[in-house]
Each structure stands twice: as structure tokens, then as C-alpha cells.
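Here is a short tour of a ligand site and a sheet. Look at the structure first, then read on.

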Amino acid sequence: MSYPYQIKTQAQYHQAYARSVQEPEAFWSDIADHFVWKKKWDRVLDWNFTEPRVAWFSGAQLNITENCLDRHLPDKSDQPAIIWEPNDPSEPNRILTYGDLHRQVCLFAQVLLNNGIKKGDRVCIYMGMVPELAIAVLACARIGAIHSVIFGGFSAQSISDRLQDAGASCIVTCDGAFRGAKDIPLKAVIDEALTGNTIVNTVLVYARTRTGVSMIKGRDHWWDEEMEKASQQVLESGSLLPAATMEAEDPLFILYTSGSTGKPKGVVHTQAGYMIWANYTFVNVFQYQPGQIHFCTADIGWITGHSYILYGPLSAGATTLMFEGIPTWPDPGRFWNIVDKYKVNILYTAPTAIRSLMSFGLDPLANKDLSSLQVLGTVGEPINEEAWHWYHQQVGKGDCPIVDTWWQTETGGCLISNMAGVTPGIPAWASLPLPGVQPILVDENGKECVEPDEKGIVKGNLCMRFPWPGILRTTYGDHERCRTNYFATYPGLYFTGDGALRDANGNYRITGRVDDVLNVSGHRLGTAEVENAINMHAGVVESAVVGYPHEIKGQGVYAYVIVEHLHGDETQMRRDILQTVSQQIGPIAKPDKIQFVSGLPKTRSGKIMRRILRKIAEGELAQLGDTSTLLDPAVVEEIAKGRIV
Ligand code: WTA
């Protein structure tokens with residue numbers, strides 16, 4: 001399989017970009033012609049950002065698993081689709097060819113049907129990084145059930161909220177997951193999340209860690225036993241399960257992500273547009289060549305894993321490497337061992353992982369053959385220049401282009417990125433918009449920013465003025481929330497929540513979130529979400545959470561907390577608050593610093609002045625600005641004095 005729509009030169013990029021703007025419908029329908037359809041579309045694009053309403057390829061019918069699996073069978077059934085590297089390097093690895101993966105997916109799709117799951121039902125998947133996670137995701141897609149993968153680090157409370165919001169009737173999980181030296185009891189967390197839940201009637205459990213688990217009669221079933229039954233059915237019928245017919249705009253999955261207000265929202269992606277976007281960006285950004293081994297280190301619990309471990313690579317007939325463990329276990333040379341062992345060609349990871357590995361020096365890289373690497377990528381947060389150069393020199397040996405891919409859960413795939421070896425990479429700049437992407441920078445009032453500063457740079461809030469095929473369609477169960485979150489701040493535009501710079505050549509540099517969302521180790525956290533979790537703790541009166549620069553995580557979480565009175569000492573109270581946050585959200589949301597304060601800086605109308613709290617957390621005490629309009633200016637001084645370094 002070659003990719004006729006793969007851009008090979010800078011001139012081709014400019015040509016493709018111009019056409020994608022001038023005649024988007026013709027542009028995307030030419031690309032869509034290279035996919036497998038059960039029925040072609042009546043209309044390429046129908047959109048309106050006010051409602052908002054976006055529909056790509058309306059009238060078309062397809063199944064994404066036919067594009068990811070069936071179409072590769074004639075010439076790739078023996079080629080590895082998924083190479084799986086276990087957490088413990090002494091355990092055998094697993095390689096699933098396209099033939100194997102197709103068969104497993106069809107069997108598990110049958111299992112879902114046998115358990116009463118139908119097209120449109122929501123299935124939550126809470127598993128470690130085992131091949132069965134990929135199989136479960138694709139099996140849902142095969143029968144048209146809507147999958148919602150929940151990252152294995154989220155707490156029972158978080159899962160419970162998501163189950164409720166999605167109205168999920170089925171969960172696929174594991175007994176436990178191995179992550180580094182830890183053995184995480186996933187099924188026990190699910191059991192806790194299901195207390196009081198009356199909608200989930202099926203839990204399918206894959207045995208990975210062999211930890212003891214409770215299995216409730218009638219509700220809980222073992223993966224292996226169910227697969228055995230499905231195999232029998234296939235033997236009897238003589239055929240594997242065909243793929244369900246899906247409409248282009250039927251939902252494919254829900255993925256929960258944090259915003260600036262309230263609980264995480266369920267971002268909805270649909271069948272055809274998402275597939276084409278994941279595929280097109282995979283093939284072009286990474287310049288994938290058939291036969292190459294692509295290693296994306298993300299977890300499938302995040303959008304990066306959805307698009308660049310599963311749907312992008314598999315729809316392109318690629319070989320994708322899936323790693324169960326963490327970069328620093330059993331030692332910080334683990335990524336390099338994996339690259340060496342499998343002769344990885346493309347490595348895609350997060351700046352936070354690079355910075356963390358940098359901190360171990362060069363020893364872990366010694367004697368590792370990294371010469372197979374051809375393309376490096378980063379995602380999830382701005383990459384600082386130091387990390388960029390280290391990645392370029394020490395990992396890529398100065399020889400591999402780095403693609404700095406800017407995108408979001410809501411965008412389905414990369415929007416702004418250089419294309420490996422095709423368009424130039426600039427340290428710390430995501431660079432150019434991909435074909436189909438029309439960015440615009442606006443000021444607070446929504447007015448387009450066009451005036452460059454003395455260096456030729458324009459600065460503003462990053463929006464999009466035209467839909468691309470992978471844009472979110474709604475937030476599950478609450479379309480109004482989708483509208484107010486993304487389409488109402490600047491009428492007629494999709495607002496990303498990020499700030500950006502643009503140079504005279506049209507390159508973009510993302511400067512970070514301009515809303516109340518934190519980016520901790522490449523993971524999104526809403527300040528309100530963390531505050532709500534802290535406020536759950538008995539004795540906490542009020543709290544305010546801000547981000548501050550953190551050497552490895554990018555941003556750390558700084559919490560200012562008012563308590564009724566301290567029970568025990570401060571250390572004990574801090575521990576209890578951390579435990580509460582772990583319980584409410586998960587360990588990833590635990591504040592790095594907790595400062596007990598007697599009040600918070602508020603305006604006369606009661607709004608917390610986060611700007612001041614951010615400055616204090618950053619240690620910029622000289623730049624607190626005018627505090628005279630505050631309700632209680634004295635509190636600022638007290639907070640600044642008690643700042644935790
Ligand atoms: C940030 C992850 C700078 C950004 C795919 C965005 C980045 C948020 C980059 C989305 C990048 C992602 N440079 N910042 N290359 N990539 N971001 O939804 O703030 O987990 O809005 O999607 O991460 O995070 P999400």
C-alpha cells in the first residue's frame with residue numbers, strides 16, 4: 001500500500017495547502033477515495049460554527065475496522081500490525097500480525113454481541129496497555145458500539161462519573177495492570193466505581209496480573225472464556241463476524257477531557273472524518289513508509305494513543321509498537337532498549353518524558369544502537385529548546401527530523417506541525433498548519449491580530465476558522481456545553497484555549513493555555529476540577545489552584561487552601577488532602593505544593609484573582625501589579641510571605 005496523498009516536498013505542501021483552502025470539498029473527496037466505503041457520500045461537507053454543526057461525507061457508509069484490518073489482509077496478513085513489549089523485559093513479547101489482529105477483533109466483537117451489546121451502546125474500557133486493549137477498542141468499532149477508554153490512572157470516582165455521563169452498559173477491564181514496579185488493581189477500582197451503578201450489566205475481565213478479583217455472578221465474565229465460546233461459534237458457522245455498516249457521522253468514540261469548568265467532558269468523534277484525519281496526519285506528519293516500525297509511547301487512554309498507536313497507523317497498514325511499561329523501569333534506558341531491540345524507525349513521545357530521561361544523563365544511552373531511528377516526534381505540551389536539542393543530538397544523533405505536533409483531544413489529530421524531512425522543523429515551534437487547517441489569532445475581543453511586533457511576530461489567542469475532518473462534533477449528552485466551551489468565546493470560530501505566536505513565514509509557536517487548564521506532564525487538568533477535589537476534604541473551606549513552571553512536568557500544581565483549623569500538623573493535613581485528590585480524580589492530579597492561607601485575593605465581586613496567585617507561585621513577587629482594588633489587599637502580602645519554594 002502506498003499513499004498517493006503523501007506530500008513529499010515543500011512545494012507539494014504549499015500546493016496541497018492552497019488547494020485545501022480554495023476547494024476543500026474536492027481536496028478531501030480526492031483523499032477519501034483511497035479508503036474503503038460501503039457506500040460513498042452524498043455531500044463532502046456541511047458546517048456551521050454557530051450551532052455548531054459539522055458533518056463530513058454525509059450519506060457515506062463504512063466501517064473503520066475494514067479500513068484498519070480487512071483491507072490489509074490480501075497482502076499483509078502476515079505482517080506485524082502490533083508489536084507488544086511487556087512491562088517486564090524478561091517476559092516474552094507478543095506480535096500480532098494483521099491476520100491475528102483481524103481474527104481477535106472479530107472474535108471479541110462476537111463476544112460483545114453475545115453479551116447483548118448493540119450498535120450505539122457505550123462501552124467503557126479501563127485496561128492496562130495490553131494488546132487486548134487494542135482488540136477491545138477495535139471490536140467496539142466493528143459492531144458500532146461507542147468506546148470510551150478511561151486511562152488506568154483515574155480513580156473509582158472519576159470512572160463512576162464517566163460511566164454515568166456516558167450511560168455505559170458494559171465495561172472491559174483487566175484484573176490488574178503492570179506499570180513499572182507496581183501492580184495496579186484495575187478490577188477492584190471498577191468494583192468500587194460500580195457501587196450504586198444500575199446501568200452497567202456486563203463486565204468483561206482480561207486476566208493479566210492474576211491478582212485475586214471478585215467476579216460477580218451474571219455480571220462479570222472472563223475474557224478467555226468468552227473468547228473460547230466465540231471461537232466455537234465461528235467454527236460452527238465457518239465465518240468471522242462481518243463489520244457493521246456505520247453512517248459517516250455515527251459516533252465512533254467518546255474521550256473525556258478536562259476543561260476550565262466543572263467535570264471533564266466527553267469529546268465525541270465520528271467515523272469517517274476522524275478516520276481520514278488520523279490517517280492523513282499519520283502518513284504526512286511522520287512520513288510513514290511501508291515496513292517501518294512506529295513507536296508512539298502514549299497510553300491508549302489518551303487521544304494520542306487513539307490516533308497514533310491505533311487508528312492512524314492501522315488504517316495505514318503500518319506496524320505499531322505498543323509498550324506496557326514506563327520509560328524509567330527497570331532502568332532509564334528502557335526506551336532505548338526498545339528502539340534497539342525492534343529497530344524502531346519513528347519515535348513519538350512527550351517533552352515531559354524527554355526531560356525526565358535527560359535528567360539521568362547520557363549513561364542510559366551508552367551502547368544502545370539507535371541508528372534505526374529516522375523520525376522523532378513530540379506532543380502534549382510546548383517543548384523547551386534544551387529538551388529539543390537533547391532529543392535531536394543524543395537520540396536522533398543530529399540526523400532525524402523532529403516533528404513538534406500541536407493538537408488536542410478535540411482536534412482528533414495533529415493540526416499544526418512540520419512534516420518530517422518535508423517542511424523545516426524549528427526548535428520550540430510547532431511550525432505550519434497542515435492542509436485543511438486554517439488558524440487565526442485573535443485578541444480578547446475576538447478581533448483578528450495582524451500587527452506584528454518589531455521582530456515580525458504576531459501574538460494572540462489561537463482559533464480555527466474552518467472545520468477539518470477530525471474536529472469534535474459534540475460533547476456527549478450536552479451539545480450546549482460544546483457550543484459554549486469551544487464556539488461561543490469568539491463567534492464563528494473554534495477556540496483552542498491556547499495562546500500562540502506567528503512569525504512572518506506563517507510558523508506558529510504555541511505558548512500554552514490561556515484558560516484555566518493546566519498541562520501537567522502533558523496531561524490536561526482543569527483548575528476547577530482539582531479545586532473541587534480539594535474542597536471535598538473535610539475541614540477545607542476554600543481553595544485556589546494554579547500552575548507554575550516545573551522542570552520535568554512542564555507545569556506543576558500549586559494549591560492555596562483555606563482550612564477551618566488544622567487537625568494535627570500541616571504535614572498530616574497535606575497528606576490527607578493529597579489522598580482526597582487521588583480518590584476524587586487520580587494520582588496525576590495531586591498538587592505538588594499546598595500552602596495553607598487565611599484568605600484568597602478576591603475582587604469586590606468575589607472573583608479569585610488567579611493572576612496574582614500565579615505570580616506568587618512563579619516567585620515573581622515584584623510583579624503582583626495593582627492589588628488596591630482587592631477586597632482584602634493585606635492577604636496578598638501574607639500569601640507571598642508564606643510561599644512554598
Ligand atoms: C498542549 C494532546 C505545545 C496544548 C494531543 C493543547 C501542545 C493541549 C502541543 C491538548 C505542542 C499539545 N506544543 N502545546 N506540540 N501539543 N499541546 O487534549 O495546550 O491532551 O491545548 O491533547 O496540550 O492536550 P490534549
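## The ligand and its sheet

A backbone N or O atom of Pro382 lies 3.4 Å from a nitrogen atom of the ligand. This is one of the polar contacts tabulated below, where a polar contact is a pair of N or O atoms within 3.5 Å. The model is predicted: local features need pLDDT of at least 70, side-chain atom pairs count only at pLDDT 80 or more, and totals for chains, interfaces and linings use all residues. Residues are numbered from 1 along each chain as its sequence is written, and side-chain values use heavy atoms, without hydrogens and water.

| Residue, N or O atom | Ligand atom | Distance |
|---|---|---|
| Glu381, backbone | nitrogen | 3.4 Å |
| Pro382, backbone | nitrogen | 3.4 Å |
| Arg524, side chain | oxygen | 2.7 Å |

The protein covers 96% of the 530 Å² of accessible area that the ligand has on its own (Shrake-Rupley method, 1.4 Å probe). Around the ligand stand 17 residues, each with a heavy atom within 4 Å. The closest are Asp404, Thr405, Thr409, Asp498 and Arg524. Helix H11 (303-315), strand E20 (402-405) and E25 each supply at least two residues of this shell. Helices (H or I, at least four residues) and strands (E, at least two) are DSSP runs.

E25 also belongs to an open, antiparallel sheet of 4 strands, ordered E21-E22-E24-E25. Strands pair if DSSP finds at least two bridges between them. Strands E21 (439-442) and E25 (508-513) stand at the edges, each with a single partner strand, so one side of each is left without a neighbour in the sheet. E25 pairs with E24 (residues 494-502) over 5 bridges. Arg502 stands opposite Tyr508 in E25.

Key. Polar contact = N/O pair within 3.5 Å; in protein donor to acceptor, adjacent residues only side chain to side chain.
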